[in-house]
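Visitor: I am new to this structure. Could you walk me through it, one step at a time?

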Amino acid sequence: VSTQSTWGLEQMLSSYTEERLATLLKAIADHEKMLDNCRKKLAEEIFFEPFSAFMRIDRLNKHTIYMLDLKDFLKENGIFAPSEDLNKIIKFYSTYPKSELTFSEFNKMVMTNDSFLQREIKFRHINSLSPYEKLNYRVERELSNLINAEVEGNNKLEIKKSSLNARYDFNTYDVFHAIDWEYKGKITHSDLRMFMKKAGYGWEYELPDLIIKRLDRDGDGKLSYSEF
């Protein structure tokens, strides 16, 4: 069933499918906000230093982190995560489709947005670890909690994606242009705000920022069709 959009243009998605899309976007924003909180807790640990954490997981000094490295790190901290879920994390943070993380990609995954903590971390000492040495136990805990939060949050998002994909009128083109209603080829901050306000989330002003932060791969502050 086609409806009329708020802006008077023909709308290809049913109102219920748009509602499911908005629910998914809200879940993406909530997931990113929760991860930001985990990153901040990690950064607040005075013994946390990103490159030391990278070397802790990269036990064999390969200068890259593979799925098995993440799996072993979590296992050593009492967390058991499926290989498929860890591969999804690597794929998400990799600049190009590949099966490992460089330090800069790992840093994106663990670094807080808090500018004060970012400045403080720059002056922290890099610890050279032996192959069997661990980080400070609180750093180990917060880092493993962050990675596990990625896994659990992604699994919840997959359920909501499946719910949207199951709709009879679902297709990625119409879903994209339900937000990019002017057919600019990019979803902007204002597009997201307008769509989420229409869906009843207008009072949550941080939603567009969180959604773009999570999905924007090239850093231009907008979402392309491929990113979306």
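Guide: One term comes before the rest: contact means heavy atoms within 4.5 Å. Keep in mind that this is a predicted model.

Visitor: Which residues is Glu 150 in contact with, leaving aside its neighbours within four places in sequence?
Guide: Glu 150 has its place in helix H7. The cut-off is heavy atoms within 4.5 Å. With neighbours within four places set aside, the partners of Glu 150 are His 31, Leu 35, Arg 39, Ile 89, Tyr 93, Met 109 and Arg 214.

Visitor: Is Glu 150 buried or exposed?
Guide: Buried means under 20% relative accessible area. Glu 150 has a relative accessible area of 0%, so Glu 150 is buried.

Visitor: What joins the side chains of Glu 150 and Arg 214?
Guide: Arg 214 is among the residues in contact with Glu 150. A polar contact needs a pair of N or O atoms within 3.5 Å. The side chains of Glu 150 and Arg 214 are joined by a polar contact of 3.1 Å.

Visitor: How many Å apart in space are Glu 150 and Lys 88, C-alpha to C-alpha?
Guide: In sequence, 62 residues separate Glu 150 and Lys 88. In space, C-alpha to C-alpha, Glu 150 and Lys 88 are apart by 9.5 Å.

Visitor: Which element gives the largest share of the lining of the largest pocket?
Guide: The largest pocket has a volume of about 880 Å³, and 28 residues line it. Helices H1, H4, H7, H8 and H10 each give two or more residues to that lining. The largest share is 6 residues, and it comes from H7.

Visitor: How many nonpolar, polar and charged residues are in the lining of the second largest pocket?
Guide: The second largest pocket holds about 430 Å³ of space. Among the 19 residues that line it, Phe 92, Tyr 93, Lys 108, Lys 213 and Asp 216 are closest to its centre. H10 gives the most to this lining, with 3 residues. By class, the lining has 4 nonpolar, 7 polar and 8 charged residues.

Visitor: Is Ser 94 buried or exposed?
Guide: Find Ser 94 in the loop between H4 and strand S4. Not counting residues up to four places away in sequence, Ser 94 touches Glu 100, Leu 101, Glu 105 and Arg 217. Buried means under 20% relative accessible area. Ser 94 is at 2%, so Ser 94 counts as buried.

Visitor: What share of the residues of the chain count as buried?
Guide: The chain comes to 10 helices and 6 strands. Its C-alpha atoms fill a box of roughly 65 × 35 × 25 Å, along the principal axes. Of its 228 residues, the share that count as buried is 45%.

Key. Residues are numbered from 1 along each chain as its sequence is written. This is a predicted model: local features need pLDDT of at least 70, side-chain atom pairs count only at pLDDT 80 or more; totals for chains, interfaces and linings use all residues. Side-chain values use heavy atoms; hydrogens and water are left out. On a 1 Å grid over the protein atoms alone, a cavity is a set of points where a 1.4 Å probe fits but cannot get out, and a pocket is an open set with protein on both sides within 12 Å along at least five of seven lines; lining residues have an atom within 4 Å of a point. Grid points are joined across faces, edges and corners, and a volume is the space filled by probe spheres set on the points. Helices (H or I, at least four residues) and strands (E, at least two) are DSSP runs, numbered from the N terminus. Ala, Val, Leu, Ile, Met, Phe, Trp, Tyr, Cys and Pro count as nonpolar, Asp, Glu, Lys and Arg as charged, and the others, Gly among them, as polar. Buried means under 20% relative accessible area, exposed over 50%, partly exposed in between (1.4 Å probe, protein chains only). A polar contact is a pair of N or O atoms within 3.5 Å; within protein, one must be able to donate a hydrogen and the other to accept it, and residues adjacent in sequence count only if both atoms are side-chain atoms.
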